[in-house]
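This report describes the helix packing, the domain arrangement and the surroundings of the ligand in one protein. The sequence and structure come first.

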Amino acid sequence: MNINFKELANKYQTPYYVYDFDHITKQYEELKGAFKARKSLIAYAVKANSNLSVIKHLADLGAGADCVSIGEVKRALKVGIAPYKIIFSGVGKIDSEIKEALESDILMINVESDAELNRVELIAKELGKVARISIRVNPNIDPQTHPYISTGLHENKFGVDIDTAKRMYIQCKNSSSLDPVGMHCHIGSQLTQLEPIKESIKIVTDLVRNLKAIKIELSFVDIGGGLGIVYDDETLIDTKEYAQAVLENMFGLDITIICEPGRFMVGNAGTFVTKVLYEKVNGNKRFVIVDGAMNDLIRPSLYNAYHKIEVLNDNEEFSDCNLVGPICESGDFFAKNVQLQKTQHNDLVAIYSAGAYGFTMASNYNTRGKVAEIAVEKGIDRLIRKRETFEDIIALEEEFIK
Ligand code: LLP
């Protein structure tokens, strides 16, 4: 990544997110290439970074979209992703979302409970449509990641167990409003171990074969997302080995493989850039206070997540400090007990690997406007989301003041 953070700060002010679109291209091509032996669809998990220009960039490369709300489905459609490349997942879809998804004729709905299947069946019947269904199987496998982003154990709220899934496929087969086309499985995020993925794919493909034996022939297996990235010194899953593990289980099946990577596509493409406001010392604890905060990038506060941090000055005098934002909570920090240089007012601080679940998890807490988002592609920068103003923040309340 060769991005001049200072130039961008002068042009767009701080804080901002900047995304290296060439890195996104590289990630997409690496994963798509790994599956080249098969029909495959890379359905980008829009939740990771749902900026329209980011989705459009991936759409232009050929990606589909994995969406978890009708809003995300609409974002994908808006930038021209074909409906047949869009999947709608999530444990709690509301009726109007199911209706709109069916009317948009997307590829399939990933159903996560038998109650939801009944709802989809009813709504499809009312609309005179046949709903293409994929069922999310919960393989009860520990993905060995952070508990908040682990989803493949029965103790997690996601998917259904194998026996329930089987019953649901039979219900689909017997319904004139449901068409069982796929099977879905996603065990967690920021995965760095291949073994749990292998185990869950084995469980899924065994079920696909079982269903085939009773004449339920699926066309898609959606292996979920979850591929980890480097934040610190993680050893990653090799994408070729990942694809190989998937493909060897598919032997003899005429199946299109879908995967739903979010973080892998955009995580390392993004940097959050903020500037130093002040330094202070309380007792003997040093604090560096910047203009960005937990409302802009909540991962350190929420998951205690590590992001590599660099102060962009030439000072060589490093010491221990907490890097914190202006929000009135002790949980408002980007890093605790890190070695950073002595800073001055307006020094820039780069917080790396912030392209996934950065801006999309941002809020207006403390009436702070969401920051600007910038794309850099082939050395050229462009604004892809304006910084929010005070007027933007109050727009939906103002008329109600009595
Ligand atoms: N598919 C499903 C069904 C998912 O639930 C997720 C992520 C993905 C795909 C994409 O996962 P990825 O490839 O990005 O790992 N906010 C957390 C991550 C939450 C992940 C939620 N589900 C974080 O900042 O680490």
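## Helix packing

Helix α5 packs with helix α6 (residues 114-127) at an angle of about 55°, their axes lying 10 Å apart. That makes α5 oblique to α6, a class that holds the angles left over once those under 35 degrees are called roughly parallel, over 145 roughly antiparallel and 65 to 115 roughly perpendicular. The contact is made by Asp 95, Ile 98, Lys 99, Leu 102 and Glu 103 of α5 with Arg 119, Val 120, Ile 123, Ala 124 and Leu 127 of α6; two residues are in contact if their C-beta atoms, placed from the backbone, lie within 7 Å. By class, this contact divides into 6 nonpolar, no polar and 4 charged residues. Ala, Val, Leu, Ile, Met, Phe, Trp, Tyr, Cys and Pro count as nonpolar, Asp, Glu, Lys and Arg as charged, and the others, Gly among them, as polar.

The model is predicted: local features need pLDDT of at least 70, side-chain atom pairs count only at pLDDT 80 or more, and totals for chains, interfaces and linings use all residues. Residues are numbered from 1 along each chain as its sequence is written. Helices (H or I, at least four residues) and strands (E, at least two) are DSSP runs, numbered from the N terminus. Axes are lines fitted to C-alpha atoms, for helices over the stretch in contact, and angles run from 0 to 180 degrees between N-to-C directions.

Helix α5 (residues 95-104) also packs with helix α4 (residues 70-78), at an angle of about 25° and with the axes 10 Å apart. That makes α4 roughly parallel to α5. Here Ile 70, Val 73 and Leu 77 of α4 meet Glu 97, Glu 100, Ala 101 and Ser 104 of α5. This contact has 4 nonpolar, 1 polar and 2 charged residues.

In a further pair, Glu 30, Leu 31 and Ala 34 of α2 meet Thr 239, Lys 240, Tyr 242 and Ala 243 of α9. The geometry of the pairs is tabulated below.

| Helix pair | Angle | Axes |
|---|---|---|
| α4 and α5 | about 25° | 10 Å apart |
| α5 and α6 | about 55° | 10 Å apart |
| α2 and α9 | roughly 35° | within 8 Å |

## Domains and ligand

The domain assignment, which is automatic or from a database, gives domain 1 (5-16 + 268-398) and domain 2 (35-261). Their C-alpha centres lie 33 Å apart. In the interface, 15 residues of domain 1 are in contact with 12 residues of domain 2. Strands β16 (372-377) and β17 (380-385) are the elements that give two or more residues to the domain 1 side, and that side comprises 7 nonpolar, 5 polar and 3 charged residues.

Both domains give residues to the shell around the ligand, so the ligand lies between them. Among the 22 residues around the ligand, Ala 45, Ser 189, Gly 225, Gly 262 and Tyr 357 come nearest; a residue counts as near if its C-beta atom, placed from the backbone, lies within 6 Å. Helices α10 (263-266) and α11 (299-303) are the elements that give two or more residues to this shell. The shell has 9 nonpolar, 9 polar and 4 charged residues.

## Backbone features

Most residues other than glycine have a negative phi, and most peptide bonds are trans. A cis peptide bond joins Thr 14 and Pro 15, with omega about -10°, and Pro 15 lies in the loop between α1 (5-12) and β1 (16-20). Asp 105, although not a glycine, has a positive phi of about 60°; Asp 105 is in the loop between α5 and β5 (108-111).
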